[in-house]
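Let's take a walk through this protein model, one piece at a time. Keep the picture beside you as you read.

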Amino acid sequence: MADALDYARSNTERFREELFDFLRIPSVSARSEHDGDTEKAARWLAERLRAAGLTSEVIETPGHPVVLGEWRDAGPEAPTVLIYGHYDVQPPEPLDLWTSPPFEPTVREGRIYARGSADDKGQLHMHVKALESWLQGAGTLPINVVVVAEGEEEVGSENLAPFVEKYRERLACDAVVISDSAMFDEGLPSLLFSLRGLAYVEVHVRAAKGDLHSGAYGGAVANPAMALARMLATLHDENGRVTIPGFYDQVKEWDADTRSAIAGLPFDEERFRSGVGAPGLTGEAGFSTLERLWIRPTCEVNGLLSGYTGEGAKTVLPAKAMAKVSFRLVPDQDPKRIARLMEDHLRAVKPEGVAVEVVELHGGNPWRADPSGPLFDAAGRALEQAFGATPVLVGEGGSIPIVGDFERILGAPALLVGFALPGCNMHAPDEWFTIDNYDRGIGALVRLYDELGTSLRG
Ligand SMILES: [Zn+2]
């Protein structure tokens, strides 16, 4: 391993220059005018995997292609690790809020500013360079490797699960490693133990066939805006708990160890509050802010629409009202079941005189890791050596449905080890990634492959 680490250390400048080339390609998956760039990023990545010493191919899908890299010469006894990342990025707009152009990587105060520097080109590139450090520096790797890099993560990964199904034998592995998340704080390496799932519905309430004069009809015909407000107000009780019957039935309680680990994190609640700029924090009674974010399910109104909202007064009795409502879910809640329970609940509390329709938009399953096995132990040792600090276990309030898909289809556990930092502006202007974490992270991954080679050995 010393040779691989030496190689990584003596090539840091070149690695960074190469990363800048990757970041200069505007692979915005959401925009068809960038389809050529997205394709170019895929080919660029496949070429870098070959230069690192893997075989690689660009495999077409109904959407953007998947880049598949492989190296399988560690022998049948050695474990196989699948490394997943994505080479597409979010649109950079609004451009005027960027200090330097989004696709011209610029270093300021130890940070690389560019779209994709943190999410996820920077972190994917670290894996490519860690693989290169082994293969070119040490001439071998302690694990067999399959790299899967998709170009549609930022637009919902629609074609990835079918791809994994189709190639399931070729993608068979002992573990899936993903670097597309953040550390809890600077200098505090982190391993993710959970992701929340998602259920998203649209609620349509209607009464009259068209808008009415609120003087001529108000008081006798139902008002959908009022009806919708009343229905939404029934979704929580005074303790911040969701009141939909059956909502918590499938929630797996968390063990005392996890809860005390969360309580032990260096979390500054006041800094969090002032960071979001709200006058106060609130949520489900009996749970801390981090618990409310990571291990408890939620129900939120994401949007409301009804009646007249233009300038001045218009005395109208609206014909319809609409709300977008989403639920963040925790294991073992099922998105389809939650959407159904929501519909049943709204029908039960619906006031007289209106009709209600619930449309299910989309959903994703929650995920929870078993942090007690050899996978987390191996990652813990690698991170500790690279960062000189004991890694912490953290949750993530957001959703990455593909993690559960990998585990389900391939039957292998996932390890989410990310190197971005809080406040790094993923999806926002001035996205950044620190040079220090890029360099240290490559060292951590070189060590991780080594640790996995030993701990997952059949
Ligand atoms: Zn990402």
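## A sheet with helices on it

Helix H6 (residues 224-233) lies across E9, E11 and E13, and runs at about 20° to E13. Helix H10 (residues 335-349) also packs on the sheet, where H10 touches E9, E13 and E14, and its direction makes about 165° with that of E14. Helices (H or I, at least four residues) and strands (E, at least two) are DSSP runs, numbered from the N terminus. Axes are lines fitted to C-alpha atoms, for helices over the stretch in contact, and angles run from 0 to 180 degrees between N-to-C directions. Residues are in contact if their C-beta atoms, placed from the backbone, lie within 7 Å.

Please remember that this is a predicted model: local features need pLDDT of at least 70, side-chain atom pairs count only at pLDDT 80 or more, and totals for chains, interfaces and linings use all residues. Residues are numbered from 1 along each chain as its sequence is written.

## Inside the four-stranded sheet

In what order do the four strands of the open sheet come? The order is E11-E13-E9-E14, with antiparallel pairing; two strands pair if DSSP finds at least two bridges between them. Strand E11 (298-306) and strand E14 (355-364) are the edge strands, each pairing on one side only. On average, neighbouring strands of this sheet are turned by 15° against each other, direction ignored.

Strand E9 (residues 197-206) pairs with strand E13 (residues 320-329) in the antiparallel sense over 10 bridges. Along E13, Lys320 is the bridge partner of Arg206, and Val325 stands opposite Val201. E11 and E13 pair over eight bridges, also in the antiparallel sense, and Leu304 stands opposite Ala323 in E13. E13 is mostly covered, with eight of its 10 residues buried. A residue is buried if 20 or more other C-beta atoms lie within 10 Å of its own, exposed if 12 or fewer, and partly exposed in between, with C-beta atoms placed from the backbone.

Gly277 follows H8 and has a positive phi, near 75°.

Ala285 sits in the loop between H8 and helix H9 (289-294). Ala285 is exposed, because 11 other C-beta atoms lie within 10 Å. Leaving aside residues up to four places away in sequence, Ala285 touches Asn239 and Gly240. The C-alpha atoms of Ala285 and Arg241 are separated by 7.6 Å, although these residues are 44 residues apart along the chain.

Another open sheet has three strands in the order E4-E5-E18, and the pairing is antiparallel. Its edge strands are strand E4 (106-108) and strand E18 (432-434), each pairing on one side only. The twist averages 30° from one strand to the next.

Strand E5 (residues 111-113) and E18 pair over three bridges, and Arg111 stands opposite Thr434 in E18. H13 packs on this sheet, touching E4, E5 and E18, and its direction makes about 60° with that of E18.

## Where H1 meets H13

The axes of helix H1 (residues 2-10) and helix H13 (residues 435-455) come within 10 Å and cross at roughly 165°. That makes H1 roughly antiparallel to H13 (angles under 35 degrees count as roughly parallel, over 145 as roughly antiparallel, 65 to 115 as roughly perpendicular and the rest as oblique). Ala4, Leu5 and Ala8 in H1 meet Ile442, Gly443 and Val446 in H13.

Technical notes. Two residues are in contact if their C-beta atoms, placed from the backbone, lie within 7 Å.
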